[in-house]
Amino acid sequence: MELKLMMEKLGAPQTHLGLKNMIKEVDEDFDGRLSFREFLLIFHKAAAGELEEDSGLMALAKLSEIDVAQEGVKGAKDFFEAKVQALSCASKFEAELKAEQDERKQEEEKRRIRQAAFRELKAAFST
């Protein structure tokens with residue numbers, strides 16, 4: 001699921017089967033998951049030319065790299081600054097969503113406490 005979300009955020013969404021094939025391509029321990037080491041292996045294989053050109057992993061590697069010889073140092077700097085800014089914007093949005101969820105949970109808990117207190121009072125007057 002995390003790989004799916006990452007690929008969507010990078011602008012290269014994949015099908016469920018595409019994601020499974022991506023994982024299978026670098027899954028060294030055959031657990032069906034990507035460890036950090038296996039994730040880094042994607043970029044190692046891309047640099048070595050060991051990935052299929054039309055694979056999702058190659059798309060991931062291309063989305064995360066820049067040719068400094070072609071773009072120059074300024075282009076690379078702009079590329080990485082744009083990536084950082086995009087990630088920070090996404091993080092801000094996720095933080096706002098989490099804050100709203102936390103606030104709803106607190107309000108729900110307060111409502112439950114008030115209801116429990118009301119039931120106790122009601123029981124005291126009913127007996």
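User: Why is R112 called partly exposed rather than buried or exposed?

Analyst: R112 has a relative accessible area of 44%, and since buried means under 20%, exposed over 50% and partly exposed in between (1.4 Å probe, protein chains only), R112 counts as partly exposed. This is a predicted model, in which local features need pLDDT of at least 70 and side-chain atom pairs count only at pLDDT 80 or more, while totals for chains, interfaces and linings use all residues. Residues are numbered from 1 along each chain as its sequence is written, and side-chain values use heavy atoms, leaving out hydrogens and water.

User: What makes the contact between E109 and R112 a salt bridge?

Analyst: The N to O distance between the side chains of E109 and R112 is 3.0 Å, and because a salt bridge is a side-chain nitrogen of Lys or Arg within 4 Å of a carboxyl oxygen of Asp or Glu, the pair qualifies. Salt bridges that share partners join E108, E109, R111 and R112 into one network.

User: Which accessibility class does each partner in the E28 and R37 salt bridge fall into?

Analyst: In this salt bridge, at 3.2 Å from N to O, E28 is partly exposed at 39%, whereas R37 is exposed at 57%.
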